[in-house]
Amino acid sequence: MITSLLRAGAIVLLSAGLVACTSFQPRHPVPPAELRAANPAGYPQIRFWGDVLPDTDDAAATLQAAHRAGAYRGAGRAPHRLDFLAISGGGENGAFGAGVLAGWSLRGSRPRFEVVTGVSTGALIGALAFLGPSRDAQLTALYTQYGGQHIMRWRGLLPVLLGGESLADDAPLAGLIARTIDAAYLDEVATEHRRGRRFFVATTNLDAQRPVIWDMGAIAASGEPGRLTLFRSVLLASASVPGFFPPVRIAVAANGAHYDELHVDGSVSANAFIFPALFMKALSPRGQHVPRQLYVIHNGKLSPEYSPTKPSLLPTIARSLNTLTKAHGIGDLFRLYALAQAHGLAFRMAAIPADFEHTGNTGFDVQYMQALYRRGYAIGRSGAEWMAMPPALGFERYKPNQPSQRLARTVSTR
């Protein structure tokens with residue numbers, strides 16, 4: 001997920017026992033009985049749980065608007081095809097996804113996606129990808145010009161031991177988001193939302209231990225005076241690696257009482273996501289069948305990466321977390337592929353190639369990100385390295401005659 005930050009996460013785990021007795025800023029968490037009713041004040045229908053099918057009360061507005069998808073193509077004509085884009089987490093590896101999208105634009109075949117979803121760094125990429133190639137210059141700058149000093153400010157271990165929330169201050173990242181997401185941007189998102197297009201971001205509600213899906217266009221189009229602040233807060237929360245960045249507190253209300261929620265990186269729950277058939281079918285206007293395609297940009301490698309591990313505490317924890325997040329992300333790809341297969345969506349996936357061997361000296365190393373961006377750009381420009389299924393992970397070794405277990409085929413995008 002975010003490989004360069006794993007050592008910091010290991011330190012947090014190591015110090016957990018030491019900070020257990022420290023005091024933190026008082027909280028007013030949502031009581032279990034009020035979880036369903038809780039929402040940011042003034043926003044009744046901007047989010048829902050990501051681990052269940054939304055019911056009509058939670059997602060009525062979204063589904064009603066989704067029926068109008070494609071209307072922006074003119075005169076109520078149904079679209080020829082519906083395209084969905086899911087962008088994974090990956091920290092500085094998001095430079096790959098940024099490059100893919102920019103190269104894809106130059107190729108001239110990049111769709112105007114009806115739905116864009118993003119998690120963690122994928123949420124930041126998705127925020128710009130949703131508005132199309134007009135935001136490619138911003139996207140390129142975000143992942144090729146800003147290094148670690150623009151993302152984080154180390155607190156050090158001592159503040160953590162004295163009761164701090166994280167190893168790093170999120171002010172630089174929050175400032176970068178604020179400079180990227182301004183009032184003009186929000187108005188553009190609101191316009192696209194009213195046309196039926198959707199941009200969704202995932203965070204993880206720590207108290208509930210559940211993923212939360214935010215309808216970012218609904219926030220933008222709400223007209224609420226705090227919509228820009230909430231929009232930025234959700235993006236920040238989705239990218240807030242637990243322990244490394246502090247959780248983002250989001251104020252909510254339920255039945256006249258006020259509470260706060262703690263939200264962290266959406267990758268804790270899922271590294272990439274798209275909606276069940278309920279949403280996808282809703283996006284076929286007037287019940288007509290429209291061909292649909294799901295594109296997934298996985299900001300990580302799929303193949304194992306050999307690295308001798310020093311047999312001591314922190315290297316062992318870091319390497320184990322690295323392996324865990326890789327397996328977690330690959331599992332999400334299989335879930336997305338199974339969903340696409342079950343509901344008639346063509347599946348296309350791009351991931352960092354196994355032969356990309358550049359490494360960064362520190363987290364968010366600019367030279368590393370620039371090299372990765374260039375590799376992603378070449379893939380997007382050529383259209384030749386998209387896969388039609390996730391890798392079979394060696395299953396063909398045991399059942400070589402099973403078509404469903406062949407290695408992923410490489411396809412070209414239109």
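A salt bridge here is a side-chain nitrogen of Lys or Arg within 4 Å of a carboxyl oxygen of Asp or Glu. Glu192 and Arg112 meet this rule, with their closest N and O atoms 2.5 Å apart.

## Basis of the model

This is a predicted model: local features need pLDDT of at least 70, side-chain atom pairs count only at pLDDT 80 or more, and totals for chains, interfaces and linings use all residues. Residues are numbered from 1 along each chain as its sequence is written, and side-chain values use heavy atoms, with hydrogens and water left out.

## Overall build

The protein chain has 13 helices and 13 strands. Both are DSSP runs numbered from the N terminus: helices are H or I with at least four residues, strands are E with at least two. Of its 414 residues, 55% count as buried. Buried means under 20% relative accessible area, exposed means over 50%, and partly exposed lies in between (1.4 Å probe, protein chains only).

A contact means heavy atoms within 4.5 Å. Among contacts in the protein chain with a separation of 6 or more, 77% are between residues 24 or more positions apart.

## Salt bridges

Side chains of opposite charge can pair when their charged atoms come close. The structure holds 16 salt bridges. In the pair of Glu192 and Arg112, the closest N and O atoms are 2.5 Å apart. Glu192 lies in helix 8 (residues 183–194) and Arg112 in the loop between helix 3 and strand 3, so the pair ties together parts that are 80 residues apart in sequence. Glu192 is buried, at 8% relative accessible area. Arg112 is partly exposed, at 38%. Salt bridges with shared partners join Arg112, Glu192, Arg195 and Arg197 into one network.

Arg110 forms a salt bridge with Asp136, the closest N and O atoms being 2.9 Å apart. This pair links distant parts of the chain: Arg110 is in the loop between helix 3 and strand 3 (115–119), Asp136 is in helix 5, and they are 26 residues apart. Both Arg110 and Asp136 are buried. Arg81 pairs with Asp83 in another salt bridge, with the closest N and O atoms 2.9 Å apart. Arg81 is buried, at 16% relative accessible area. Asp83 is buried too, at 3%.

## Aromatic rings

Rings of Phe, Tyr and Trp (its six-membered ring) pair if their centres lie within 6.5 Å; planes under 30 degrees apart count as stacked, over 60 as edge-to-face and the rest as tilted. The count comes to twelve aromatic pairs. One of them joins Trp104 and Tyr295 edge-to-face, at 5.0 Å centre to centre with 65° between the planes. Trp104 lies in helix 3 and Tyr295 in strand 10 (residues 292–301), so this pair ties together parts that are 191 residues apart in sequence. Trp104 is buried, at 0% relative accessible area. Tyr295 is buried, at 2%. Trp104, Phe113, Tyr295 and Trp386 form one aromatic cluster.

Arginines also sit over rings. The rule asks for NZ of Lys or CZ of Arg within 6 Å of the ring centre and within 35 degrees of the ring normal. The charged end of Arg197 sits over the ring of Phe130, 4.3 Å from its centre. The charged end of Arg210 sits over the ring of Trp49, 4.1 Å from its centre.

## Helix 13

Helix 13 (residues 366–382) has 17 residues. Its first and last C-alpha atoms are 24 Å apart, close to the 24 Å expected at 1.5 Å a residue. The expected span is 1.5 Å times one less than the number of residues. Its buried residues include Tyr368, Leu372, Gly376 and Ile379. The buried residues of helix 13 pack against helix 3 (94–107), helix 5 (136–144), strand 11 (345–352) and strand 12 (386–387).

At the start of helix 13, a side-chain oxygen of Asp365 reaches to within 3.0 Å of the backbone nitrogen of Gln367. Gly383 follows the helix, with a positive phi near 70°.

## Two loop residues with positive phi

Most residues other than glycine have a negative phi. Ser120 is not a glycine, yet its phi is positive, about 60°. Ser120 is found in the loop between strand 3 and helix 4 (121–129). At 1% relative accessibility, Ser120 counts as buried.

Asn255 also has a positive phi, about 50°, although it is not a glycine. Asn255 is found in the loop between strand 8 (248–254) and strand 9. Asn255 is exposed, with a relative accessible area of 65%.

Definitions and conventions: Polar contact = N/O pair within 3.5 Å; in protein donor to acceptor, adjacent residues only side chain to side chain.
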